[in-house]
Amino acid sequence: MNPLLARDALCRRVVEVGAEERPQKASARNIFAVFEHHAGGLRTFLGLVTQSDVARYPQRIFADLLPIGAADRLPVGVVVPVPEDMLLEEVLARLDQQGLEAISAADAAGKFSGVLTRTSILEALFARERELLLHLEESHHHLTAWAARVEQLHDASKKLLALLAYTTLEQDLLQAGIEALAQLIQARYGAIGILGENGELEHFIYTGITAEQAKHIGRLPEGRGLLGVVIKEDRALRLEDMSQDPRSAGFPPHHPAMKSLLAVPIDRDGVAFGRVYLSEKTNGEPFSASDEILATSYANSLAMIIAHAKEVQARVEAQQRLDYLAHYDGLTGLPNRGLFHDRMSQELVQARRNKQPLAVLFLDLDDFKLINDTLGHSVGDNLLKAVAQRIQSCLREGDTVARLGGDEFTLLLPEISRFEDAAQIADKIVCDLRLPITIADRELFVTASVGISIYPDDGEDADSLLKNADTAMYHAKKHDKNSYRFFTQDMNTALSNLMESENDLRRAWVNNEFVLHYQPQLDLRTGRIVGMEALLRWQHPEKGLVSPAEFIPVAECMGLIVPLGEWVLQTACAQNKAWQDARFAPLRMGVNMSVRQLRQDNVVDMVKRILQETGLAAQYLELEITESLLMEDPDKATGVLLALKSLGINVSLDDFGTGYSSLSFLKHFPIDALKIDQTFIRDIASNPDDAAITSAVIDMGARLKLRVIAEGVETEAQLRFLEAHGCDEIQGYFFSKPVPVENATSLLAECKGMQPSTTRGGRMAQTLLLVDDEQNIVSALKRLLRHDGYTILTANSGKEGLELLATHDVGVILSDQRMPEMTGVEFLRRAKELYLDTVRIVLSGYTDLKSVTDAINEGAIYKFLTKPWEDEQLQTNVREAFHHHALKLENEQLAREVKAMNEALSRTNLELERRIEEKTREVVSKVNILQVSQEVLENLPAAIFGVDDTGLIVIANRKAEELLGQPATGSLLGNSAVTVLPATLLACLQEVQAGESIVSGKTVELPDGRHAEAWCHPMGTLSKSKGEVMVITVKS
Amino acid sequence: MAKNVKSQKPQVRAKVREFVIPVVRDGVVLGREAPLGCVAIRRALDLLIAAPFEHIEIEDDVISDIMIRKAILRRIPRENVIDFVLKSVKPLMGAEEIMHLDLDVEIMVEYSGR
């Protein structure tokens, strides 16, 4: 604000008077400016007269009221007027200095311009103060508004700065930015347009226009007109009315009308590559310079961000390129040595963890140098690229091929299940590379030598594996070229054997060297052969009979197993049919199904076809499928089994207990039998765990109504155990090994079987088992007890004792405690677990009190007797033991009988309930039928009577009641026909009753004169009822 | 008009005298508090009297100005006039008065020797 000057404080109450005038009665506050008037209208200012001067000399003329000398000397009086541009402070100082109340002011020309009084000065100062205050208030307002705007700008700047953190231009951020800017500048519309390298609009973000409006507009700004000017000239444009600018290109249709424009370029290094523009301030005012500053600031920030984003992008791309070059071969695009090593390290860790082999292959092109030198490096490079692609096409997902350099490649094959898998891939690569490669219209032939090393056999770390693979490659190149070799000779040998085996198998197939052997399956209850399992054998002309374990896996790999399996099924079914035709007792033929067979889509059709071709009924075929096979794909397996079962075929679960199935699946798989694997059968007589498992499986099978077949039964002890525990069937060397068809036929012809043994608890055998490692003790005991009528068995060890227990019905066991290998307590514990109904006595001089008392508490020992013994006491104890045993057996027998009776009762109850339910359903059905019949009868349009054999009316429908009318009793029923029927009808009835004929459609006259047709028929032709039925229809 | 007054007759008594010109013969002495100021007196003298008058400002507590005919000042020095006024006239007037001076000035001329 400018300082106050004299001219700003001129008094408004100045009265200009002539020097010769006299004061009139005027305002006390007036100041008189006295002038000397001259001719021509000129005047000279003489001085000032205040009212106080007037008051002092009221009669004097103004000239005499002036300060002395004013009228005469100086034109403007003694008091020099102050210049009107003098600072007010100076004027005040002058007044103070001269002791004046008022002073005149003169303009630059010295002419009187006014008067300043202390009051007017004060007033001016007050006014200035007010002005200042107002100004301050306004400034404050203004500042506050600015502060708010600055804050908004700060916010907007923060948002923009946040953009710097991003390396790409995010639409959302730009959107937020333009909205913030538009809000800050209070513009209705705003947009950002960023151009690409080609000058075309790459990003376009707008605010103020709805999506629908934008859709109507239908196109983006083309950059012609004013927006183009901003870009081309790289300068801002601020226009109040765009339409007035000749450079304006107008708006497309549907574009909202816009008048004012503020457009600023987004530029970098003097080149504009985008624009920010706003239009139509909300307050209707044009855009101000400060708006332009804001918008430019924003555009600059945006330019920085874009430049930053581009830099970051370029950096990222460069980094990616570097990474790529650091890890990949520039020529072929394959991983390079470094990356290969990395991957190998990772795969080795996995292989160690999962205990799975992996293969490393080293591949070198044969004679590549010659091709390179002869045809040039360009051809060589293209050849390498083509080779790389070929190799890649041979690999599985997860395999890696890398180029080490030159013509050397390394391959990593993780998770191979067998070394043959690696051989397969190597073989495929070698074969593929033999095919011609066309480079620049020229066919090139190149071969490769491959070395293979296998983790962990050929090394456990990357370097060893690579080195060994390289060595193997070298050998391959040295000896064969165009081939592959394993590092270890064993693998090479095995592979060689495999290939030989494959060839052999193919030859065997062609030459019909495969045969079937049959192993009988016996029913333990009857001892008869109830089934045969067909087992494939290979009759090698040189090697003789080859075990299936040797050739089946090879056949699986080759795929030969499918036709082989079909042949086995065909042959087995045909053989079974042949046996049936030969009138042998029908039996089931068990045939094993392989993984590959089951996976065939047509397996069910194949089985069906074979049954039809051979004529074997489906119920005589049993397909044996391993547990693990089913668990590979339970859902699919269930589907196949259901389809097979629908044919009537039996299905058994082979090798039960060796797989990893969930027991719940037993509910879902449609199987008929469980075949307990021989690993459980082997030690059932001596190992309580195997015994417990086998017993549990048998019990489970019984409860699930599945047949249980024990495989691999080789000893009588095993047989007896299985028998005692209720196993259904057995198969094993104990009865017969698998035999050729002729031998099997002989077995069937001889009706050979086994004698079913007496079961435990049948005839009570008083068999006593003496176990002591000292033979003399055993002998002494035997001598003592032999006269008591027992069958005495002796053993010198726990193991022998168990074996005897397995084959004999022992009632009482008398065992020494202190024996090598197995103590008496231990032996008796096992005996208790395996043969619970034995009575077990320890006879010992050695007292290990704890183990004995523990054994007694567990119930393993019935009594503990000391050595040396009292003969009589011992005999008594043995006798009591047998008595105890007998009681136990009797109790068990009773319990079994009670159980059997309960089961029978339960079955009977179930049956009864079933029958009652059936009957009830029948009755309900019949009642329904009866009710329906009654309803039909009631509604028939003819009168129907039923008369029983006593002549009583037992049926009369509504029409009958209407025809004859109700008698006194209220109903025709129960009345004698004679009493209620009219004579004409009675005659018909009696005619039929007499057996003379059937009345059919006879016209009769009713008592009311109407005529009717009558039918009368005796009952009993379709039911057990007796009597007659009459039907009367009244003629209209 | 009072109740017991029957009538009133205006009567005018006037003194008519000749206005003598000049009004002032030789000078005027202005009291500091006189109702007319020196400018008014001067201008009146200029208007009414052909003879020129000299204005002498006095620094005195009673007398502020003397207007004396310039011809008088040819015969009496200014200081003498002032002195005369202060010694002789001042005692006779108040500050609020304006005194009219009518002076007879005789000059005694003496020649000495040759």
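Axes here are lines fitted to C-alpha atoms, for helices over the stretch in contact, and the angles between N-to-C directions run from 0 to 180 degrees. The legends below describe a predicted model.

**View 1. Helix α13 of chain A against its sheet.** Helix α13, which spans residues 462-479 of chain A, lies across strands β12, β14, β17 and β18 of that chain, and its direction is at about 145° to that of β17(A). In the loop that leads from β17 to α13 of chain A sits Pro456(A), and the peptide bond that joins Tyr455(A) to Pro456(A) is cis, its omega being near 0°.

**View 2. The mixed five-strand sheet of chain A.** Five strands form an open sheet in the order β13-β14-β12-β17-β18 (chain A), and their pairing is mixed. Strands β13 (400-405) and β18 (484-486) of chain A have a single partner strand each and stand at the edges, so one side of each is left without a neighbour in the sheet. From one strand to the next the twist averages 20°. Within this arrangement, β12 (residues 358-366) and β14 (residues 408-413) of chain A run antiparallel and are joined by six bridges, and Phe362(A) has Thr410(A) in β14(A) as its bridge partner. Helix α9 (residues 337-354) of chain A packs on the sheet, where it touches β12, β13, β14 and β17 (447-455) of chain A, and its direction makes about 25° with that of β14(A).

**View 3. The antiparallel five-strand sheet of chain A.** What order do the strands of this open sheet of chain A follow? The order is β35-β34-β38-β37-β36 (chain A), and the pairing is antiparallel. At the edges stand β35 (953-956) and β36 (999-1005) of chain A, and each has a single partner strand, so one side of each is left without a neighbour in the sheet. On average, and with direction ignored, neighbouring strands of this sheet are turned by 25° against each other. Strand β34 (residues 943-948) of chain A pairs with β38 (residues 1027-1034) of chain A in the antiparallel sense, over six bridges, among them the one in which Asp948(A) has Gly1027(A) in β38(A) as its partner. Helix α33 (residues 983-993) of chain A packs on the sheet and touches β34, β36, β37 (1011-1018) and β38 of chain A, and its direction makes about 155° with that of β36(A).

View 4. Strands of a sheet pair through backbone hydrogen bonds, in either a parallel or an antiparallel way. In chain B, strand β2 (residues 53-57) and strand β3 (residues 63-69) run antiparallel and are joined by five bridges, with Ile56(B) standing opposite Ile66(B) in β3(B). The hairpin that connects β2(B) to β3(B) passes through five residues.

**View 5. The interface of chain A and chain B.** The contact involves 15 residues of chain A and 14 residues of chain B. The area buried between chain A and chain B is about 1,100 Å², and carbon and sulfur atoms give 40% of that area. Ten residue pairs, with both residues at pLDDT 80 or more, are in polar contact between the two chains. By class, the side of chain A that touches chain B comprises six nonpolar, one polar and eight charged residues. How many salt bridges does the rule find across the interface of chain A and chain B? There are three, and in one salt bridge the side chain of Arg43(B) meets that of Glu36(A) at 2.8 Å, N to O.

**View 6. Backbone details in loops of chain A.** A cis peptide bond runs from Lys867(A) to Pro868(A), with omega near -10°, and Pro868(A) belongs to the loop between β33 (863-866) and α30 (871-939) of chain A. Asp234(A), although not a glycine, has a positive phi of about 55°, and this residue lies in the loop between α7 (225-233) and β9 (237-239) of chain A. Ala440(A), which is not a glycine either, has a positive phi of about 50° and is found in the loop that separates β15 (437-439) from β16 (442-444) in chain A.

Notes: Residues are numbered from 1 along each chain as its sequence is written. Chains are lettered from A and ligands numbered from 1 in the order in which they are written. This is a predicted model: local features need pLDDT of at least 70, side-chain atom pairs count only at pLDDT 80 or more; totals for chains, interfaces and linings use all residues. Side-chain values use heavy atoms; hydrogens and water are left out. Contact means heavy atoms within 4.5 Å. Buried area is the accessible area (1.4 Å probe) that two parts lose on being put together, summed over both. A salt bridge is a side-chain nitrogen of Lys or Arg within 4 Å of a carboxyl oxygen of Asp or Glu. A polar contact is a pair of N or O atoms within 3.5 Å; within protein, one must be able to donate a hydrogen and the other to accept it, and residues adjacent in sequence count only if both atoms are side-chain atoms. Ala, Val, Leu, Ile, Met, Phe, Trp, Tyr, Cys and Pro count as nonpolar, Asp, Glu, Lys and Arg as charged, and the others, Gly among them, as polar. Two strands pair if DSSP finds at least two bridges between them. Helices (H or I, at least four residues) and strands (E, at least two) are DSSP runs, numbered from the N terminus.
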